[in-house]
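Me: I have a structure open and would like to learn how to read it, feature by feature. Could you take me through it, giving the general idea before the particular case?

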Amino acid sequence: ADDRRSLEDFTVIFEQQPKLSTGLHFGARLVFDREGRLFIALGENNQRPPSQDLDKHQGKVVRIEPAGKVPQDNPFVNTDGALPEIWSYGHRNQQGAALNPGSGAVWTHEHGPRGGDEINIPQPGRNYGWPLATHGIDYSGRAISEAVGESAPNTEPPHHVWRQSPAVSGMAFYDAERFEPWQHNLFVGAMLDRSLIRLQLDGDKVVHDERLLKDMEERIRDVRLGPDGYLYLLTDSSKGRLLKVGLADR
């Protein structure tokens, strides 16, 4: 509305089915690709089996048109019993998604359980393993009951994995001209480590992992690249802040 206090005249283009939530692992990062398709990264609501169920949206990456229609080249359009919006499945708690400006591919990252946070480049129709495959264990210290190991038949390995979880959140590729040393780097928030992760890439391969802004008092919840070439970080606390980050003497 004109007073900026209410939302009016909106259209619902997607609703997660079934409508269940424990208030945990709800994911919901949004990324448009170069063709204007909308990718929605969803968590599994802290209920493991739905990640493998193609009749549920939990633990999936969904791909739709901007108005909500299903692209006819989605991988499960002609699969009986599957929701046609699904692009990939077997995800856990997706907390970051970004478009790689070099390749045009959508990248996502997700929390593992106790260990095993991971980055994926979701491909159509592929199964990314949760809870059948994981590099982590349950918070109780026991093995994940459904897991057969760090890999499982007919599942994809993570593109990059942290065996000790930094609790990843937010993600942005750096392709601005302002800070040349950051070109082609990927920045990821770390809530548990209370730092900013800088990943150096060689093509798609992660070749170096560096921690910036170590031991912050607040957790980093989101990471964005601004039009001015600076990184903007949103912190998560009762006194949350928006931080502007760059390199000195630039």
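Predicted model: local features only at pLDDT ≥ 70, side-chain atom pairs only at ≥ 80, totals over all residues.

Me: What does the secondary structure of the protein chain come to, and how compact is the chain?

Reply: The secondary structure of the protein chain comes to zero helices and 15 strands. Its radius of gyration is 18 Å, close to the 18 Å that the globule rule gives for 250 residues, so the chain is as compact as a globular protein of that length. Along the principal axes, the C-alpha trace spans about 60 × 50 × 40 Å.

Me: What share of the residues is buried, and what does the accessible surface come to?

Reply: Burial is read from relative accessible area, with under 20% counting as buried and over 50% as exposed. Buried residues make up 47% of the 250 residues in the protein chain. The accessible surface comes to about 13,100 Å², and carbon and sulfur atoms account for 47% of that surface.

Me: How should I read a sheet, and in which order do the strands of the open sheet lie?

Reply: Strands of a sheet pair through backbone hydrogen bonds, and the pairing is either parallel or antiparallel. Here four strands form an open sheet in the order E5-E6-E7-E8, with antiparallel pairing. Strand E5 (93-99) and strand E8 (160-162) are the edge strands, each of which pairs on one side only. Neighbouring strands of this sheet are turned by 15° against each other on average, direction ignored.

Me: Which residues of E7 are the bridge partners of Glu110 and His109?

Reply: The bridge partner of Glu110 is Glu118, while that of His109 is Ile119. Strand E6 (residues 106-111) and strand E7 (residues 117-120) pair in the antiparallel sense over three bridges. They too form a hairpin, with five residues between them, and Gly115 in the turn has a positive phi of about 100°.

Me: Which residues of E6 point one way, and which the other?

Reply: In a regular strand the side chains alternate between the two faces of the sheet. In E6, Val106, Thr108 and Glu110 point one way, whereas Trp107, His109 and His111 point the other way, and all are buried. The strand is thus described as mostly covered, with six of its six residues buried.

Me: Why does His111 count as buried, and what does its side chain reach?

Reply: His111, which has its place in strand E6, is buried because its relative accessible area is 13%, under the 20% cut-off. Its side chain reaches the backbone oxygen of Val168 at 2.6 Å. Beyond residues up to four places away in sequence, His111 touches Arg92, Asn93, Gln95, Asp117, Ala167, Val168 and Met191.

Me: Where is Asn74 found, and is it buried or exposed?

Reply: Asn74 is found in the loop between strand E3 (60-64) and strand E4 (86-89), and at 4% relative accessibility it counts as buried. A polar atom of the Asn74 side chain lies 3.0 Å from the backbone oxygen of Pro84. Not counting residues up to four places away in sequence, Asn74 touches Arg63, Pro84, Glu85, Ile86 and Trp87.

Me: Is Leu192 buried or exposed, and which residues is it in contact with?

Reply: Leu192 is found in the loop between strand E10 (185-190) and strand E11 (195-202), and at 57% relative accessibility it counts as exposed. Leaving aside neighbours within four places in sequence, Leu192 is in contact with Ser165, Pro166 and Ala167.

Methods:
Residues numbered from 1 in each chain as written. Heavy atoms only, no water. Pairing = 2+ DSSP bridges. Helix = DSSP H or I, 4+ residues; strand = E, 2+ residues; numbered from the N terminus. Axes fitted to C-alpha atoms, helices over the stretch in contact; angles between N-to-C directions. Buried < 20%, exposed > 50% of the residue type's maximum accessible area, 1.4 Å probe, protein only. Contact = heavy atoms within 4.5 Å. Polar contact = N/O pair within 3.5 Å; in protein donor to acceptor, adjacent residues only side chain to side chain. Rg over C-alpha atoms; globule rule 2.2 N^0.38 Å. Areas by Shrake-Rupley, 256 points an atom, 1.4 Å probe, with all protein chains shown as cover.
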